[in-house]
Amino acid sequence: MTPSPDRSHRVVDVHESVLGHNDEQARRNRALFGEKHIQTINVLSSPGSGKTTFLQRTLADLRGTLRGAVVVGDLATDNDARRLSESGAPVVQITTGTICHLEAQMVYQAMQELDLDNLDLLIIENVGNLVCPAAYDLGEDFRVALLSVTEGEDKPLKYPTMFKTAEVIVVNKMDIAEVVGFDRESALENIHAIAPGAAVFEVSARTGTGMEAWYGYLTHRMEERGKR
Amino acid sequence: MHEVSLMESALEIAFRQAKEQEATRIHRLGMRVGSLSSVVPDALQFAFDALTPGTLAEGGCLEIETITAECVCEQCGVAFEPDSFIYACPSCGLPSANIQRGREIEVAFVEVS
């Protein structure tokens with residue numbers, strides 16, 4: 001503690017996490033998801049990597065197998081919510097205004113609009129941003145980070161904090177990989193260097209290529225979760 | 001960047017402390033920021049300057065201590081400061097996912113009167 005020259009001045013030790021409030025709410029969210037047996041994933045990527053298309057297809061293809069819903073965060077507009085609704089799954093839009101990430105409290109509020117007793121999978125589509133959302137726990141089971149072949153092979157090296165927190169990394173738009181000169185080997189090498197334990201899926205959400213492996217992983221995780 | 005919302009939360013903590021202390025001014029706000037937290041100290045300073053006028057902390061100063069990262073190698077148990085974002089162990093080269101230190105974003109102290 002730094003001594004203060006003026007005796008009326010006092011230095012008070014605080015040592016309190018600035019994100020403590022968020023972390024507490026995330027714990028409450030996680031407990032609620034546990035109680036309702038809902039698997040929750042937090043999906044992160046930069047804008048334009050195909051997050052919405054990826055989720056749209058996931059929900060449509062798994063309809064009938066599981067009951068899914070989406071909470072989607074955007075700075076403005078409900079365009080993504082409208083696109084996701086086409087899959088038939090319930091969608092709640094969170095418009096964050098100027099905030100560049102979702103917080104646990106926003107997710108909690110959005111959850112109130114969903115029928116949690118009839119839900120197996122909750123997908124949280126975070127704001128398109130690879131920096132800020134990394135710091136905010138939302139109460140999810142795991143994080144999925146998406147990158148597309150047009151973004152450059154070194155994306156994981158540029159945004160290590162985000163990729164390090166992801167248990168799943170999806171490389172999207174593989175259908176145009178060749179046209180854009182995507183160096184697949186170097187991309188995979190970078191991914192494994194940053195996130196050695198992550199499961200990696202190379203897909204085209206547009207054509208559907210590679211999506212089956214992702215569905216297999218997702219349903220496996222749900223089964224594992226059910227056993228706990 | 002989310003430094004403005006982080007600073008809002010940090011100031012909430014500081015104001016609450018000041019109230020508990022029955023203080024009327026905050027002269028210094030001390031923060032500890034980990035090198036892996038993605039927080040830019042300059043942006044925190046900017047947020048502090050923008051948010052404090054008209055509050056207890058007006059005219060006060062912000063002190064930021066940067067906490068260097070520390071990882072522990074899962075294979076050989078060595079604690080080390082990663083020199084790149086690969087977090088490779090200096091003795092065996094295995095990347096470590098066991099981060100002991102470096103993600104902190106916290107209010108360390110407040111100086112009030």
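This briefing walks through some helices, strands and loops of the structure shown above. Keep in mind that the model is predicted. In chain A, 7 strands form an open sheet with parallel pairing, and helix α1 (residues 20-35) packs against helix α4 at an angle of about 35 degrees. In chain B, we will stop at two loop residues, B:E22 and B:S38.

**The sheet of chain A**

- At the edges you will find β4 (91-95) and β8 (199-202) of chain A, each of which pairs on one side only.
- From one strand to the next, the twist averages 20 degrees.
- What holds neighbouring strands together? In general, strands of a sheet pair through backbone hydrogen bonds, and the pairing can be parallel or antiparallel.

- Strand β3 (68-74) of chain A is mostly covered, with 7 of its 7 residues buried.
- Which residues of β3(A) point which way? A:G68, A:V70, A:V72 and A:D74 point one way, while A:A69, A:V71 and A:G73 point the other way, and all are buried.
- On one pairing, β3(A) runs parallel to β5(A) and is joined to β5(A) by 5 bridges; here A:G68 stands opposite A:L121.
- β3(A) also runs parallel to β4(A), again with 5 bridges joining the two, and A:V71 stands opposite A:V92 of β4(A).

- β2(A) pairs with β5(A) in the parallel sense over 5 bridges.
- Helix α2 (residues 51-62) of chain A lies across β2, β3, β5, β6 (142-148) and β7 (168-172) of that chain, and runs at about 170 degrees to β5(A).

**Helix α1 of chain A**

- Helix α1 has 16 residues and reaches 23 Å from its first C-alpha to its last, close to the 22 Å expected at 1.5 Å a residue.
- Which residues of α1(A) are buried? They are A:G20, A:N22, A:Q25, A:A26, A:N29 and A:F33.
- The cover over these buried residues includes β1 (10-17), β2 (39-45), α4 (104-111), β5 (121-125) and α8 (211-227) of chain A.
- After α1(A) comes A:H37, which has a positive phi near 55 degrees.

**Where α1 meets α4**

- The axes of α1(A) and α4(A) are 8 Å apart, at an angle of about 35 degrees, and the crossing is left-handed.
- From α1(A), the contact is made by A:N22, A:Q25, A:A26, A:N29, A:L32 and A:F33, and from α4(A) by A:A104, A:Q105, A:V107, A:Y108 and A:M111.
- Sorted by class, this contact has 7 nonpolar residues, 4 polar residues and no charged ones.

**Two loop residues in chain B**

- B:E22 is not a glycine, yet its phi is positive, at about 55 degrees.
- You can find B:E22 in the loop between α1 (3-20) and β1 (26-34) of chain B.
- Why does B:E22 count as exposed? Because its relative accessibility is 73%, and the cut-off for exposed is over 50%.
- B:S38 is not a glycine either, and its phi is positive at about 65 degrees.
- The loop that holds B:S38 lies between β1 and α2 (41-51) of chain B.
- B:S38 has 22% relative accessibility, so B:S38 counts as partly exposed.

Definitions and conventions: Residues numbered from 1 in each chain as written. Chains lettered and ligands numbered in written order. Predicted model: local features only at pLDDT ≥ 70, side-chain atom pairs only at ≥ 80, totals over all residues. Heavy atoms only, no water. Helix = DSSP H or I, 4+ residues; strand = E, 2+ residues; numbered from the N terminus. Expected span 1.5 Å × (residues − 1). Buried < 20%, exposed > 50% of the residue type's maximum accessible area, 1.4 Å probe, protein only. Contact = heavy atoms within 4.5 Å. Pairing = 2+ DSSP bridges. Axes fitted to C-alpha atoms, helices over the stretch in contact; angles between N-to-C directions. Left-handed = near helix turned anticlockwise from the far one by under 90°. Nonpolar A, V, L, I, M, F, W, Y, C, P; charged D, E, K, R; others polar.
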